[in-house]
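This report describes one protein chain, part by part. Please look over the sequence and the structure before reading on.

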Amino acid sequence: MTTKNLKPNQRITRAIAFVTVFCILASLAVIRNGSLFGIEASGFFSSRKSDIGPGKDSIASISYAGTQEIINTTEIGKDIAGYAGTVPLNIYVTDGRIDSVVALPNSESPKFFQRLESEGLTSSWNGKTLEEAETMEVDAVTGATYSSNAYIANVRAGAAYAEGKKASAQGHVSWGAIAALIVILSGAIVPLFTKNPTYRIVQQLLNVAVLGFWAGTFIDYAMMLNFFSGAPHFTLSFLLTLILLIVGLVYPLFNKPNFYCAWICPFGSVQELAGKVCKKRWKMSPKLIKGLDNFRQMLWIVLLSLLYIGWGTSWIDYEVFTAFVVESASWLIIAVGSAFVVLSLFINRPFCRFICPTGSLLKQA
């Protein structure tokens, strides 16, 4: 990448745009989650410590309170990361059955993490044996998938440890995460050296299959705000997020605007692939296109304003990208995502061009 084709005033404009987007995300992270890169900001709306349960902040793996066994996953699950870091738990066990699972202080977004309790995930293992807890399938909570998966993986790892086994590898380094890393790197690097149309199709298919349906890895507001809120935690999950944000926010500084949207975004890819199926396109007048573009910008301003005032903010849990995570996505989001894919048969990338709030932010960089 290079800035040699940019004029001095263009470089300044790009730098100002990057700083503006950075400040937007940083300020929203502080307002919504009460911290910036793990540093708590007192006096704001929330604390960075989870308030689910009292939890004992001890790193001892197994301790006892009378006849009750307490499995602490701080060390057992130190490589299991949610969105913003580790998600340690205390698992309380009596006579071989789990009484409760309680979250210890962590750096996940409290508003999202609280949903694990309100939607029943945290009580899923109550009454189960350790063997059952290690193997039972538990659905992630829509809009809090990373936190859910980390919570589930910690329970499995803790149960496995207590049974005298090696801590479960689930939640450590998954094949899906490794595949996602390869696909992201190929999308971030290869297009810098080739514009081969065949390669583009291959990359888009990988984006949809691997980043979308397999790994559920993409840029959205929930991911960005959790990244800006949490302290750096150098896991594979953190690395994936960091690379995506470099492509989305830093590449434009080097004369590569909208690179993420064009080459990596799984929903942008599925729309473009759908468009190749049908050669017949609906003709849209320049006036209509301009009107729809103005609508996208106004929608973005409204949604961004809602985040700042703290009202109607749940929309970030339901961006259309979450439709790829089929097992936890709401039927409404899956229906909306499917509708836009069908619309893509006749209109080029309609969601990207006329709706996408995340794309609207990235376009400012």
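## An enclosed helix

Nine of the nine residues of H7 are buried, so this helix is largely enclosed by the rest of the structure. Buried means under 20% relative accessible area, exposed means over 50%, and partly exposed lies in between (1.4 Å probe, protein chains only). The buried residues of H7 are Tyr221, Ala222, Met223, Met224, Leu225, Asn226, Phe227, Phe228 and Ser229. Helices (H or I, at least four residues) and strands (E, at least two) are DSSP runs, numbered from the N terminus.

Helix H1 (residues 8-33) packs against H7: their axes come within 8 Å and cross at roughly 80 degrees. H1 and H7 are therefore roughly perpendicular to each other. On the H1 side, the contact is made by Phe22, Leu25, Ala26, Leu28, Ala29, Arg32 and Asn33. On the H7 side, Met224, Leu225, Phe228 and Ser229 take part. Contact means heavy atoms within 4.5 Å. Axes are lines fitted to C-alpha atoms, for helices over the stretch in contact, and angles run from 0 to 180 degrees between N-to-C directions. Angles under 35 degrees count as roughly parallel, over 145 as roughly antiparallel, 65 to 115 as roughly perpendicular and the rest as oblique.

## The model and its confidence

This is a predicted model: local features need pLDDT of at least 70, side-chain atom pairs count only at pLDDT 80 or more, and totals for chains, interfaces and linings use all residues. Residues are numbered from 1 along each chain as its sequence is written, and side-chain values use heavy atoms, with hydrogens and water left out.

The mean pLDDT (the predictor's confidence in each residue, from 0 to 100) of the protein is 86, and 89% of its residues reach 70 or more. Residues 43-58 stay under 50, and the model has 49 contacts beyond four places in sequence for them. Residues 167-172 are also below 50, with 16 contacts in the model beyond near neighbours in sequence. Where pLDDT is low, the predicted coordinates should not be read in detail.

## The chain as a whole

The protein contains 14 helices and six strands. Of its 365 residues, 51% are buried. Among contacts between residues at least 6 apart in sequence, 69% join residues at least 24 apart.

Helix H6 (residues 197-214) and helix H10 (residues 266-277) pack with their axes 8 Å apart, at an angle of about 130 degrees. The two helices are therefore oblique to each other. H6 contributes Arg200, Ile201, Gln204, Leu205, Asn207, Val208, Leu211 and Gly212 to the contact. H10 contributes Pro266, Ser269, Val270, Glu272, Leu273 and Lys276.

Thr235 lies in the loop between helix H7 (221-229) and helix H8 (236-250). Its relative accessibility is 14%, so Thr235 counts as buried. Thr235 and Ala81 are 154 residues apart along the chain, yet their C-alpha atoms are separated by 7.0 Å.

Glu69 belongs to strand S4 (residues 68-72) and is buried, at 16% relative accessibility. Leaving out residues up to four places away in sequence, Glu69 touches Ile62, Ser63, Tyr64, Ile91, Tyr92, Val93 and Ala162. From Glu69 to Asp99 is 30 residues in sequence and 9.8 Å in space, C-alpha to C-alpha.

Arg296 is found in helix H11 (residues 286-309). Is this arginine, Arg296, buried or exposed? Arg296 is buried, with a relative accessible area of 6%. Its contacts, not counting residues up to four places away in sequence, are Cys352, Arg353, Phe354, Ile355, Ser360 and Lys363.

## Two loop residues with positive phi

Most residues other than glycine have a negative phi, and most peptide bonds are trans. Asp95 is not a glycine but has a positive phi of about 55 degrees. Asp95 sits in the loop between strand S5 (89-94) and strand S6 (97-103), and at 73% relative accessibility Asp95 counts as exposed.

Arg349 also has a positive phi, near 40 degrees. Arg349 lies in the loop between helix H12 (331-343) and helix H13 (350-354). Arg349 is buried, with a relative accessible area of 9%.
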